[in-house]
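Opening the notebook on a new model today. I'll jot down what I look up as I go.

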Amino acid sequence: MDRTTRRTGAALRRASDAAAPPRERERAALHDRAARVLETNWTGTSTVPSRTLYPHQWSWDSAFIAIGSRHVSPLRAQLELETLFAAQWGDGRVPHIVFNPSVPLDAYFPSPDFWRSSTSGRAAGAPRTVQTSGIVQPPVHALAAWLVHRADPGLSRSRSFLARIHPKLAAWHRYLLHRRDLGGGGLASVIHPWEQGMDNSPCWDAPLSRIAPAPARAFRRADLEHGTPDDRPTDLDYGRYVRLATDYRDGRYGDGQGEFAVEDPSFNALLIASEHALARIACELGATGTARHDRAERLTAALVERLWDPATGMFFCRDLRASDSHHTSRAPGHDASRTTTGQMPPPALIPEYGVSGLIPLILPTLPRHVTAGLLRTARGPRFGLGTAVRLVPSYDLTGPAFDPHRYWRGPAWFNTNWLIERGLRLNGEQAEAERLRTALLGTALDTAFAEYVDPYTGRGCGARGFAWSAALALDLLQEPRERHEGGTWG
């Protein structure tokens, strides 16, 4: 049992005393329930997002899980990241799934026999001893590693945690900054909607519309066995996901050849935040972090230059494969992206208001006028922060594609709201951040740590006992000063 586990246990025993005030008892109960979710989902080396729907290790899930589990066991949080990076490919990519060989192949699709990582990924340096997917997910990992280190620096140093994981993190960032700069403007691109993490967002509808779907007989959707079909992606969209993944695999996981390539604001904002974290890690290891901070500032400038639209006060995705004639094409009657003056985002930007466009609030050197515009958009009718909703939705409340229950097309998620809460605090919006924090904690308890929720009512959807929902609740239970001490990335 490490130091933080002992300290937390003592605090829980004090808080559960009958004389403790109700608020403290409720917080202790929430802490205990969240910790039990992580314990239930722990496999011995990593944490599954859900024992039913997601029985393997997922990349950005593990980063968020480590951020939360550091408050219960910094050792387990370190192991979480170490297990993930043990499956890193030779070219530096961190796969979005690391498969557990004891799980039956039909428990999840696409399964290891679909990805064929050890054969199709051989040229890219896929590991031979573990099966993985071939695509990636958002790079939250350096940020997670820094926060995990700060939870128990003595343990971290005694295990050489940062010294061992730093070169792996550096290789991961090199891969994204060089192999994935498909637009030539300095930003990383995603080549599949699954890579960005917000799989079914309406932001992908336009670029996906050009993809011929794989035939239904080519795959079996295991996800429909664990969720309501009306809440999941449609068969048409799923067929397009499968087609993109199949083509990528058959191309030996070579980057830059596919029909889908998008620069996404949240993916790049998380990369920038992790660059700042890598600078802090370098300083901890006795080097200088100046080059990393400088790179983060250059990436922030590129993010604003390429994805910010001042007329709408929003960051949008950029479709790198759109022809000039398709840059601003829309479905008939679909004009939700227009401002009150009728303006549209610049050409090549995808005019859909997804929560991804708010995530750059976490960046410490974002220009003040950009931050002000984002805050206006977040508080406006499209996202309803502090007014219309309990939690910030994943998509425009006023958009014709909005659905409060369908996967990433409107429901609120704990990880995106956690990021927005941090962004609010970074920008001095303490009262609003505290309201959002309180709403997140209440929703976590009310829904038994649901995968996602109705943004208006907070009703839980998807899996229960979802690992990152529990982990981020554990983080939010800490006082803001304790959560941010030594852990800001500016």
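Which residues have the most contacts inside the largest nonpolar core? I looked this up and got F64, F315 and L358, in a core of 137 residues.

**Entry: around L358.** I picked L358 and listed what it touches, leaving out residues up to four places away in sequence. The list reads M314, L374, T377, A378, F383, V392 and I420. As a general note, nonpolar side chains in soluble globular proteins tend to be buried together.

**Entry: the sheet.** I traced an open sheet of 4 strands with antiparallel pairing, and its order is β3-β4-β7-β8. At the edges I have β3 (189–190) and β8 (349–350), each pairing on one side only. Helix α14, residues 290–307, packs on this sheet and touches β4, β7 (317–319) and β8. I get about 65° between the direction of α14 and that of β7. Going back to β3, I count 2 bridges joining β3 to β4 (residues 262–263), and the two run antiparallel. One partner I checked: V190 bridges to V262 in β4.

**Entry: confidence.** The protein chain has a mean pLDDT of 89, with 86% of its residues at 70 or more. Two stretches stay under 50: residues 3–20 and residues 324–342. Beyond four places in sequence, the model has 25 contacts for 3–20 and 30 for 324–342. Where pLDDT is low, the predicted coordinates should not be read in detail.

Conventions
Residues numbered from 1 in each chain as written. Predicted model: local features only at pLDDT ≥ 70, side-chain atom pairs only at ≥ 80, totals over all residues. Heavy atoms only, no water. Core = buried A, V, L, I, M, F, W, Y, C linked by side-chain atoms within 4.5 Å. Buried < 20%, exposed > 50% of the residue type's maximum accessible area, 1.4 Å probe, protein only. Contact = heavy atoms within 4.5 Å. pLDDT = per-residue confidence, 0-100. Pairing = 2+ DSSP bridges. Axes fitted to C-alpha atoms, helices over the stretch in contact; angles between N-to-C directions.
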